[in-house]
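The structure comes first, then the details.

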Amino acid sequence: MDEHPWRLGPRARLWFDRLLVGVVLVLGGVGHAAAGQPVAALLTVVEAVPLLWRRRHPWPVFLAVAGASVLQAAVEAEPIVGQLAFPVAVYSVARWSPRWQSVTALLVGYAGAVVAAVRWILGFGAGELTVANLAPYTVTISAIVTAAWALGFAAQERERYVASLVARAEQAERMAEREVELAARDERSRIAREMHDVVAHGLSVIVIQADGARYAAAKDPGVAVGTLETISTTGREALTEMRRLLGLLRDGDTGVAPQPGLGDVRHLVDEARAAGTRVEADLPAPVPEVPDGVALAAYRIVQEALTNVRKHAGPGATVRVRLAVGRAVEVEVRDDGRGAAADTDGHGLGLAGMRERAAVHGGTLEAGPAAGGGFAVSARLPL
């Protein structure tokens, strides 16, 4: 059973908004035009069309719909179908905009409810403009606005709650992995200390015995024979112990862990973004099959280039990663950071290592300050 809630995908959301706007245009624009109300039809179009951008730009869309509603109140005394766009715009602001914008939209909706009630009473000739006459219209419109705002606000709160749960789970997973890594590191340090003691003790005995044998050989060769036997025994014991400790270090390591390839470049991009770097990625999908050595070289070049961006490009730099596969694997990592003005001690081996990886596969690599600022790394690895 799928544990994730059902949601519309990006394409489905686009078509949903188009259908929503289309229904309003058919009911309002076409309907009003057929009824001989061209102004109402035009106002419906002006109010409904901005909803196509309500997910990406909810606040500007709300301002546009609210402005069209004010224009409608000035020229049309009776309700029109295009007014359905207003609660949708309020929902969108409450759903995807900051809190102050959603509260502002709600207050504007309440003010619009009063204005609409006044205009409708005067337009219908429903009596005098009194509180008793205004209340039913105002309360009804305000309830619609409040319901739209509440739905959007609840959806935003739920999304924030789910995001916080995901962040906590990821943090807990990272902490668990870190604890395992630290435990393994401590164990390796302990084994290294033991290995040092074994090797140092064995070699010390061997050196001392060898020196004694060298001096004793000239006077009593029999002593040298016994000393050499001691050296042999000590060396074998030290070698046996060292092999035992090395076996502990290898425990659990099969030696067949997969090497990263072109498909893992996306993980490098995600890690850089998680670290706060703005990254624009142009990666092939699906990832073509290339020789393992070329794929590993391309991965390491991107990895080193992104590391250099974090070290030298400076805060606020944006980096663009491009990976293309044709007759060759082409890699380009370009940033708009400090470029030639970056602080460096000149002793880094990253660029040299990237050039060596490219050369091993008969490729080329160019790296240096880019025209117009920033730094660029470009590699071509023939297939």
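Contact here means heavy atoms within 4.5 Å. By that rule, and leaving aside neighbours within four places in sequence, L306 is in contact with L268, A272, V319, V321 and V333.

This is a predicted model: local features need pLDDT of at least 70, side-chain atom pairs count only at pLDDT 80 or more, and totals for chains, interfaces and linings use all residues. Residues are numbered from 1 along each chain as its sequence is written, and side-chain values use heavy atoms, with hydrogens and water left out.

A nonpolar core is a set of buried Ala, Val, Leu, Ile, Met, Phe, Trp, Tyr and Cys residues joined through side-chain atoms within 4.5 Å. Buried means under 20% relative accessible area, exposed over 50%, and partly exposed in between (1.4 Å probe, protein chains only). The largest such core has 32 residues; L306, V321, V329 and V331 have the most contacts inside it. Helices (H or I, at least four residues) and strands (E, at least two) are DSSP runs, numbered from the N terminus.

The largest share, eleven residues, comes from α9. Another core lies apart from it, with 20 residues, among them V61, A66, V93 and A105.

Just after α9, G314 takes a positive phi of about 95 degrees.

V70 is found in helix α3 (residues 58-75). V70 is exposed, at 58% relative accessible area.
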